[in-house]
Amino acid sequence: MPIDQVLNLDAAVMASGRPQNEFVQATLLIDIEGVMMAIHRFDSALDLDAVRQLTGRRLQPLTARQTTRLFSDCDPGFAPPIGSAYGLKMLIDEDVLNLDRAVFTAGTDNSLVEVDGRSLRLALAGARKAQLVIRGQGNGDRKALSLDEVADKLQKLYRLPPMPALALRILRLTANTEATARELAELIEFDPSLTAQIMRYARSALFNYPGQVNSVQEAVTRVLGFDRVAHIALGIASVRAFEVPRQGMLGMDAFWRHSLYCAFVCQSLAVRCDLDKGLAYLCGLLHNFGLLLVGHLFPAEFDELNQLREANPEASMHSLEQQVFGRADSQEILAVGHGAIGGILHRLWQLPDPVIKSAGMHQHPGYHGEHERYVLVVQLANALLKPRGIGDEFNPDDVPSLLEALGFDAGILDGLEQEVDRVAPELDALATSLSA
């Protein structure tokens with residue numbers, strides 16, 4: 001079945017025009033005993049816990065690079081789900097055996113194979129059969145994983161970074177309605193580096209404070225205010241949990257630039273629509289933590305993702321993540337997307353609910369639900385920053401719809417652009433100092 005040349009399996013499914021529940025895919029797993037192929041429907045993701053219990057092996061997904069080396073005769077990302085052709089042991093999910101017709105990749109980026117169910121079962125003869133998937137449309141009575149379940153698997157399978165001690169103390173202090181500026185200042189001053197960052201922020205042209213700022217307490221009481229200082233300090237301290245390279249479109253330099261600009265625009269928007277401006281600032285500052293967690297847990301693959309992002313600015317982050325990690329290779333952490341992963345980490349760290357929701361849903365256009373206006377503010381801020389080359393996504397957004405959902409008219413855009421132009425040099429300087 002010929003199709004137009006595509007970037008990945010997701011795009012091949014869309015190009016085919018066929019229902020997703022007819023497609024079969026392979027997830028490649030490896031341990032010290034070798035490689036195994038798990039075969040399941042495209043609209044599902046593999047349950048690694050089930051596979052490990054079934055096999056008694058600590059199998060892990062192959063990376064894109066490992067898969068490419070193994071399937072050297074195939075285009076990258078298009079390994080056919082016929083393990084016997086490559087001498088691989090196979091596991092097959094029970095749902096696959098019930099298909100009347102099946103479609104799968106032929107090993108190239110411009111063709112697919114269609115077979116009847118009997119032919120597929122013959123091709124997969126010898127595979128071990130079991131219930132292998134944990135989520136996906138068309139899986140009978142099986143439910144898709146909730147974010148709580150994903151969070152549980154995330155904690156079991158990976159060593160997640162704890163919230164740094166200083167960030168945790170700042171968070172606890174902000175939860176205390178009787179906390180004072182002196183207490184916040186004293187907490188920050190325990191850390192010379194954080195103190196220097198807060199002072200640099202307070203002295204910047206962002207706030208045009210006419211006098212001298214000689215202490216953190218003065219920064220709190222005269223320039224920034226309790227909430228803003230607490231939020232900035234929380235963001236700076238939290239990022240220390242991650243080891244991520246500085247360079248590249250997804251590196252720490254770009255992260256801080258994106259985060260500071262987004263936080264500034266979110267705060268400006270919040271003032272215009274009666275949201276808590278401090279909370280909106282924090283939502284903008286922390287909404288992209290999922291990328292840092294991916295970079296922290298998978299440094300080699302993150303480096304590859306960084307390179308792909310630069311080479312493919314028109315592609316979505318989701319499609320690039322799938323290119324690097326495979327559609328279901330690391331479903332516990334990536335199938336829900338890096339935005340949701342950031343939301344999960346925020347939840348585990350017990351950050352405010354609007355911050356959790358903004359991180360988790362900022363890549364979902366048309367979101368309606370809890371803390372919707374904070375999510376929309378982050379989405380609109382990101383959309384307005386894209387023409388400046390700020391952020392990790394460059395695909396267009398529906399700005400008029402976002403403006404309408406927040407009750408704005410297009411007239412606010414010129415004012416926002418002017419505000420961003422005014423503070424851009426200071427935000428760039430701050431971003432460089434924070435990532436150093």
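Predicted model: local features only at pLDDT ≥ 70, side-chain atom pairs only at ≥ 80, totals over all residues.
Me: Which residues of helix α10 are buried, and what covers them?
Reply: Helix α10 spans residues 216–224. Its buried residues are V216, E218, A219, V220, V223 and L224. The cover over these buried residues includes α8 (181–189), α9 (192–203) and α11 (226–239).

Me: How many helices and strands does the protein have?
Reply: α10 is a helix of residues 216–224. For the protein, the secondary structure comes to 22 helices and 9 strands.

Me: What percentage of the residues of the protein count as buried?
Reply: Buried means under 20% relative accessible area. The protein has 436 residues, and the part that counts as buried is 57%.

Me: Of the contacts between residues at least 6 apart in sequence, what percentage join residues at least 24 apart?
Reply: A contact here means heavy atoms within 4.5 Å. Taking contacts in the protein between residues at least 6 apart in sequence, the part joining residues at least 24 apart is 67%.

Me: What percentage of the accessible surface belongs to carbon and sulfur atoms?
Reply: The accessible surface of the protein comes to about 18900 Å². Of this, the part belonging to carbon and sulfur atoms is 49%.

Me: How many aromatic pairs are there, and is the pair of F255 and W256 stacked or edge-to-face?
Reply: Ring centres must lie within 6.5 Å to pair, and the count comes to 7 aromatic pairs. F255 and W256 form one, at 5.5 Å centre to centre. Their planes are 70 degrees apart, and because over 60 counts as edge-to-face, the pair is edge-to-face.

Me: Are F255 and W256 buried or exposed, and which cluster holds them?
Reply: F255 is buried, and W256 is buried too. Ring pairs link them into a cluster made of F242, F255, W256, F289 and W349.

Me: How many disulfides are found, and how far from C266 is the nearest cysteine sulfur?
Reply: Searching the whole structure gives 0 disulfides. C266 is in no disulfide, and the cut-off is 2.5 Å between sulfur atoms. C266 counts as buried because its relative accessibility is 0%. Its nearest cysteine sulfur, that of C262, is away by 3.9 Å.

Me: Which cysteine has the sulfur nearest to that of C283?
Reply: C283 is in no disulfide. At 0% relative accessibility, C283 counts as buried. The nearest cysteine sulfur is 7.1 Å away and is that of C266.

Technical notes:
Residues numbered from 1 in each chain as written. Heavy atoms only, no water. Helix = DSSP H or I, 4+ residues; strand = E, 2+ residues; numbered from the N terminus. Buried < 20%, exposed > 50% of the residue type's maximum accessible area, 1.4 Å probe, protein only. Areas by Shrake-Rupley, 256 points an atom, 1.4 Å probe, with all protein chains shown as cover. Phe/Tyr/Trp six-rings, centres within 6.5 Å; stacked < 30°, edge-to-face > 60°.
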